[in-house]
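Here is a short tour for anyone meeting this structure for the first time. Have a look at the model, and then read on.

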Amino acid sequence: MILKKEAVDELVSVGAKSADSGKAVAEGKEVVFTMVPNSPNVEAALFNENGIAEGLSEGETVIDMSSINPLASQGFAKRLAEQKVGFLDAPVSGGEPKAIDGSIAIMVGGDKDLFEKFEDILGIMGGTVTYVGKVGAGNTTKLANQVIVALNIAAVSEGFALAQKAGLDPEMVFNAIHTGLAGSTVMDAKIPMIINRNFAPGFRVNLHIKDLQNALDTSHALNVSLPLTSEVMEILQSVKVHGDGDSDHSAIAKFYENINNIEIKK
């Protein structure tokens, strides 16, 4: 694991400039990007003593690329608006592999004119950049994405557990169905990992738990029922309890393996 100072030193070695506070980072900058794990981390980066907000001036912009609660994004935007500072929420999807190759999907919420002002910069970072609505819409879209991905991994794990228990070769089953209606990007990405017993993290179980908690918190605030999300959240919690919190979220398959006394493999 790279420590914070080592990460900064690595960026400096390829041309970045370091600063000793968020305030110093923001001073004199037209736009400041943030990307941290969750809502409290964004709040601390922006509003703690010597935080980013203290270095911002009227007309400047914060683009937060964290995956957080959309209601928190709306609150941060309101606080920054008091300084006449703009705010976009722009979370990403695609995990570590697409971040490395520059093809992540970026979904953006906020003022449309502000989005258009910085669309080209965002386009340098990702493969697709899509405006989805007002502040908070970016994170709401990301939460919908995370719900669908988690349920999809659970669905393919459940189906392949059945195949394994019946004595079939899961690789043959995959080859038979992945181009049909049941096929998906998730199946294509995760089933080869599962049957090869490769749970190296592209997106960690712990982070998916965080995202689903934000989804459930948001759904409760909006009076929306997400029963399947609640179920897969408990599956992820079980996976974490069994020691796989830092494994890839394809480890959802291990829940089905544990309850069925099988291993989905070649």
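Let's start close to the end of the numbering. Asn 261 is exposed, with a relative accessible area of 70%; exposed here means over 50%, buried means under 20%, and partly exposed is in between, using a 1.4 Å probe and protein chains only. You'll find Asn 261 in the segment after helix H13 (252-260). Its phi is positive, about 55°, although Asn 261 is not a glycine.

Arg 197 also has a positive phi, near 55°, and is a residue other than glycine. Arg 197 sits in the loop between helix H10 (185-195) and helix H11 (205-221). With 28% relative accessibility, Arg 197 counts as partly exposed.

## What you are looking at

This is a predicted model, in which local features need pLDDT of at least 70 and side-chain atom pairs count only at pLDDT 80 or more, while totals for chains, interfaces and linings use all residues. Residues are numbered from 1 along each chain as its sequence is written, and side-chain values use heavy atoms, with hydrogens and water left out.

## The whole chain

The protein chain has 13 helices and six strands. These are DSSP runs numbered from the N terminus: helices are H or I with at least four residues, strands are E with at least two. The radius of gyration is 20 Å, close to the 18 Å that the globule rule gives for 266 residues, so the chain is as compact as a globular protein of that length. That radius is taken over C-alpha atoms, and the rule is 2.2 Å times the number of residues to the power 0.38. Along its principal axes, the C-alpha trace spans about 65 × 45 × 35 Å.

How much of the chain is buried? Of the 266 residues, 43% count as buried. As for contacts (heavy atoms within 4.5 Å), take those between residues at least 6 apart in sequence: 69% of them join residues at least 24 apart. On the charge side, there are 22 positive and 34 negative side chains, and the centres of the two sets lie 2 Å apart. Lys and Arg count as positive, Asp and Glu as negative, and His and the chain ends are not counted; each charge is placed at NZ of Lys, CZ of Arg, CG of Asp or CD of Glu.

## Aromatic pairs

The structure holds three aromatic pairs. Rings of Phe, Tyr and Trp (its six-membered ring) pair if their centres lie within 6.5 Å; planes under 30 degrees apart are stacked, over 60 edge-to-face, and the rest tilted. One of the pairs is Phe 47 with Phe 76, which is tilted at 6.1 Å centre to centre and 45° between the planes. Phe 47 is in helix H3 (residues 39-47) and Phe 76 in helix H5 (residues 70-81), so this pair ties together parts 29 residues apart in sequence. Phe 47 is partly exposed at 23% relative accessibility, whereas Phe 76 is buried at 5%.

Phe 115 and Tyr 131 form another tilted pair, with ring centres 5.2 Å apart and planes at 40°. Phe 115 belongs to helix H7 (residues 112-125) and Tyr 131 to strand S6 (residues 128-133), so the pair links parts that are 16 residues apart in sequence. Phe 115 is buried at 4% relative accessibility, and Tyr 131 is partly exposed at 26%.

## Around Val 42

Helix H3 also holds Val 42, which is buried at 1% relative accessibility. Leaving aside neighbours within four places in sequence, Val 42 is in contact with Val 36, Asp 64, Ser 66, Ile 68 and Phe 76.
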